[in-house]
Amino acid sequence: MTGDLIIWAGMTVLAVIFAVLGPLKLNHEQFTRRRGCGWAADLPKRRVQLIGVLETLAAVAIVWPLATRTLTWLSPIACVCLAILMGCAAYFHTRRGETELAGLCVLLGILAIVVPIGVLM
């Protein structure tokens, strides 16, 4: 019972973070003006929007299948894909010298790896 609660807490944290941050990236001009988001100005508009779409889809795909008990195999796949995306983001931010953002990406990536392991056990 406690293990399930921890897994759901991890899934909820991931889903909430990416359900908030993903849609913000869809409006490139406003997103680049936000504090800590200047990195987006160095990327093409469509790439930032694609990242936003992927994060939003991941947020839905993490929680919805297990909450509705349909397509439950989708949640672990979404978590793994999100971990890969966070690995790429950590690399990008490290190369730019943005260690705080890189560290946050690593932390979210680790959480995205731990959650599907708990789901599959």
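Contact here means heavy atoms within 4.5 Å. The model is predicted, so local features need pLDDT of at least 70, side-chain atom pairs count only at pLDDT 80 or more, and totals for chains, interfaces and linings use all residues. Residues are numbered from 1 along each chain as its sequence is written, and side-chain values use heavy atoms, with hydrogens and water left out.

**Exercise 1.** Work out which residues of α1 are buried and what covers them.

*Solution.* Start with the cut-offs: buried is under 20% relative accessible area, exposed over 50%, and partly exposed in between (1.4 Å probe, protein chains only). Helices are DSSP runs of H or I with at least four residues, numbered from the N terminus. In α1, the buried residues are Ile 7, Gly 10, Met 11, Leu 14, Ala 15, Phe 18 and Gly 22. Their cover includes α3 (45–68), α4 (74–95) and α5 (99–120).

**Exercise 2.** Find the aromatic pairs and say what they tie together.

*Solution.* Take the rule first: rings of Phe, Tyr and Trp (its six-membered ring) pair if their centres lie within 6.5 Å; planes under 30 degrees apart are stacked, over 60 edge-to-face, and the rest tilted. The count comes to 2 aromatic pairs. Phe 31 and Trp 39 are edge-to-face, at 5.7 Å centre to centre and 75 degrees between the planes. Next, Trp 39 and Phe 92 have ring centres 6.1 Å apart and planes at 75 degrees, so this pair is edge-to-face. Trp 39 sits in the loop between α2 (28–33) and α3, and Phe 92 in helix α4, so the pair ties together parts 53 residues apart in sequence. Finally, Phe 31, Trp 39 and Phe 92 form one aromatic cluster.

How values were computed:
Helices (H or I, at least four residues) and strands (E, at least two) are DSSP runs, numbered from the N terminus.
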